[in-house]
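Work each task with the structure open, then compare with the solution.

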Amino acid sequence: MLLKIEVSEKTAQKDKYSLMLFEVTILPAQVSFWSGHKHIEVFRRRVETNHLPNNDADAFARQVSTLLNHLTLKLDFNGRPINIEKQQELWQNWLLLRTNLSASYRGDWIEKALTKIDKKLLPGEGLTTYILQDIFLNEYFRGVYNAFFIENSFCGKRTIYGLCASPILFNEEWTLKTSSSGQLINFSGKWDKTEAQPGVNNWLKNQIDYVNAEMEMKGFYQIDNVTGWCNSLESNYLLSINDYKKELKIVLTTN
């Protein structure tokens, strides 16, 4: 599968854009969740593009993300990840990468950044929570298998990552269409302003006139009848207010 993640940010003064491409493989290639907990492997390989890192911080983040190139997950009966497996192996990989990063970058920020990641990658329940905030994993394993549809419609709340520096809670509506080839779920939603989200509010306050900010999303999720896996998805998130606009687009296609 090919994963494309695009982020664009536009104001009257600036126009920023970033693109990330990955080849993604999930094993086993065919799955049934009804037989019990499953252990799966997710492989990810970055496809190089012409979009180079803007600065040292971007280059640093890109190198850290290589830790997610190979993950082993444990899924529950509903196809949701409940644990990151081989945590000690992941920790050892981080220590090797950490040594490299520490020798490659200079500045007051580097040690603070490394220490922050140390705390997040320590083996334990916190590691699973942290890694599942990854944009791709959060989009792909979105809990569609245990959603209770009434007349092909489902409403619920979902947390998304990547649009701003803090997680954002959305109210979503899903509609289901079933065919001989699989199931197609179309979804749309808006930012749930009624829930306390201080991290989001603080970020918006620092960026824009957050009082009137709007955030909305739409997309689809397609499940293959033969493999049981999602073979195609698209998620579009938009934050807009006056002349400020930020978009996050995630697209997954089967090669």
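**Exercise 1. Cavities**

How many cavities of 30 Å³ or more does a search of the whole structure find? Describe the lining of the largest cavity.

Solution. 
1. The model is a predicted one. Searching the whole structure gives two cavities of 30 Å³ or more.
2. The largest cavity holds about 40 Å³ of space.
3. Twelve residues line the largest cavity, and those nearest its centre are G79, Y140, F141, Y145 and Y221.
4. Sorted by class, this lining of the largest cavity has seven nonpolar, three polar and two charged residues.

**Exercise 2. The largest pocket**

What is the volume of the largest pocket, and which elements each supply at least two residues of its lining?

Solution. 
1. The volume of the largest pocket is about 1,900 Å³.
2. Its lining consists of 45 residues; M20, D58, A61, I135 and G162 lie nearest the centre of the pocket.
3. At least two lining residues each come from strand 1 (2-10), strand 2 (15-27), strand 3 (38-47), helix 1, helix 3, helix 4 (125-131) and strand 11 (244-253).
4. The lining of the largest pocket divides into 27 nonpolar, eight polar and ten charged residues.

**Exercise 3. Helix 1 against helix 3**

Are helix 1 and helix 3 roughly parallel or roughly antiparallel?

Solution. 
1. Helix 1 (residues 56-64) packs on helix 3 (residues 108-121) at an angle of about 25°, and their axes are 12 Å apart.
2. Angles under 35 degrees count as roughly parallel, and the two helices are therefore roughly parallel to each other.
3. The crossing of helix 1 past helix 3 is right-handed.

**Exercise 4. Helix 2 against its two partners**

Work out how helix 2 is oriented relative to helix 3 and how helix 1 is oriented relative to helix 2.

Solution. 
1. Helix 2 (residues 87-104) and helix 3 have axes that come within 11 Å and cross at roughly 180°.
2. Helix 2 is therefore roughly antiparallel to helix 3.
3. On the helix 2 side, W91, W94, R98, L101 and S102 meet I110, E111, L114, T115, I117, D118 and L121 of helix 3.
4. The contact of helix 2 with helix 3 has seven nonpolar, two polar and three charged residues.
5. For helix 1 and helix 2, the packing angle is about 160° and the axes are 11 Å apart.
6. Helix 1 is therefore roughly antiparallel to helix 2.
7. Helix 1 and helix 2 have a right-handed crossing.
8. In their contact, F60, Q63 and V64 of helix 1 meet W94, L97 and L101 of helix 2.
9. By class, the contact of helix 1 with helix 2 has five nonpolar residues, one polar and no charged.

**Exercise 5. Backbone details**

Which two residues does a cis peptide bond join, and where does E151 lie?

Solution. 
1. The cis peptide bond is between L27 and P28, with omega about 5°.
2. P28 is in the loop between strand 2 and strand 3.
3. E151 is a residue other than glycine with a positive phi, near 50°.
4. The loop between helix 5 (135-140) and strand 6 (153-160) contains E151.

Conventions. Residues numbered from 1 in each chain as written. Predicted model: local features only at pLDDT ≥ 70, side-chain atom pairs only at ≥ 80, totals over all residues. Heavy atoms only, no water. Axes fitted to C-alpha atoms, helices over the stretch in contact; angles between N-to-C directions. Helix = DSSP H or I, 4+ residues; strand = E, 2+ residues; numbered from the N terminus. Parallel < 35°, antiparallel > 145°, perpendicular 65-115°, else oblique. Left-handed = near helix turned anticlockwise from the far one by under 90°. 1 Å grid on protein atoms, 1.4 Å probe; cavity = no way out; pocket = protein on both sides within 12 Å on 5 of 7 lines; lining within 4 Å. Points joined across faces, edges and corners; volume = space filled by probe spheres on them. Nonpolar A, V, L, I, M, F, W, Y, C, P; charged D, E, K, R; others polar. Contact = heavy atoms within 4.5 Å.
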